[in-house]
Amino acid sequence: MTFDLEEKLYVFEVTLGFRSNGEEVISMPFLVLADDPEEAEELALVHLNSLDAGDRFWVAELSEPVDAGEFDKAVAEGERDPWRHLEEMENCDLVELLMERSLNY
């Protein structure tokens with residue numbers, strides 16, 4: 001995974017919350033590129049709403065910002081997981097992935 005380092009954006013790991021079998025569950029992290037935490041959360045919510053999934057999912061956790069270059073290096077060195085970009089997910093893919101690989105913390 002390589003980010004466009006000229007954009008000068010930060011990488012945030014966004015964890016989504018949802019209900020499954022009556023219990024609150026949180027997902028594996030997804031990546032969002034943004035200038036700051038508020039923008040990262042807003043971008044995640046806008047994307048969920050564009051998928052008509054905003055009423056089923058919410059932002060449960062948001063990581064501290066990480067420089068995109070540092071994030072790429074950490075992934076290459078095996079220090080970070082190469083999570084999927086949230087904006088690349090389509091509704092059916094997102095729902096299927098979350099239901100299959102959700103982590104109940």
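Tutor: A nonpolar core, as the term is used here, is a set of buried Ala, Val, Leu, Ile, Met, Phe, Trp, Tyr and Cys residues joined through side-chain atoms within 4.5 Å. In this predicted model, the largest such core has 29 residues, and those with the most contacts inside it are Leu16, Phe30, Phe57, Leu86, Leu94 and Leu98. Two or more residues each are given to this core by strand 1 (10-20), strand 2 (23-34), helix 1 (37-50), helix 2 (68-76) and helix 3 (91-101), and the largest share, six residues, comes from strand 2.

The part to follow is strand 1, which is mostly covered, with eight of its 11 residues buried. Leaving aside neighbours within four places in sequence, Leu16 is in contact with Val25, Ile26, Ser27, Phe30, Leu48, Trp58, Val59, Ala60, Leu86, Leu94 and Leu98.

The pairing of strand 1 comes next. Strand 1 runs antiparallel to strand 2 and is joined to that strand by 10 bridges; the two form a hairpin with two residues between them, and Asn21 in the turn has a positive phi of about 55°. Ser20 has Glu23 of strand 2 as its bridge partner. Strand 1 is also antiparallel to strand 3 (residues 58-62), through four bridges, and there Gly17 is partnered by Trp58. Two bridges join strand 1 to strand 4 (residues 66-67), again in an antiparallel arrangement, with Val66 as the bridge partner of Val11.

Note on methods: Residues are numbered from 1 along each chain as its sequence is written. This is a predicted model: local features need pLDDT of at least 70, side-chain atom pairs count only at pLDDT 80 or more; totals for chains, interfaces and linings use all residues. Side-chain values use heavy atoms; hydrogens and water are left out. Buried means under 20% relative accessible area, exposed over 50%, partly exposed in between (1.4 Å probe, protein chains only). Contact means heavy atoms within 4.5 Å. Two strands pair if DSSP finds at least two bridges between them.
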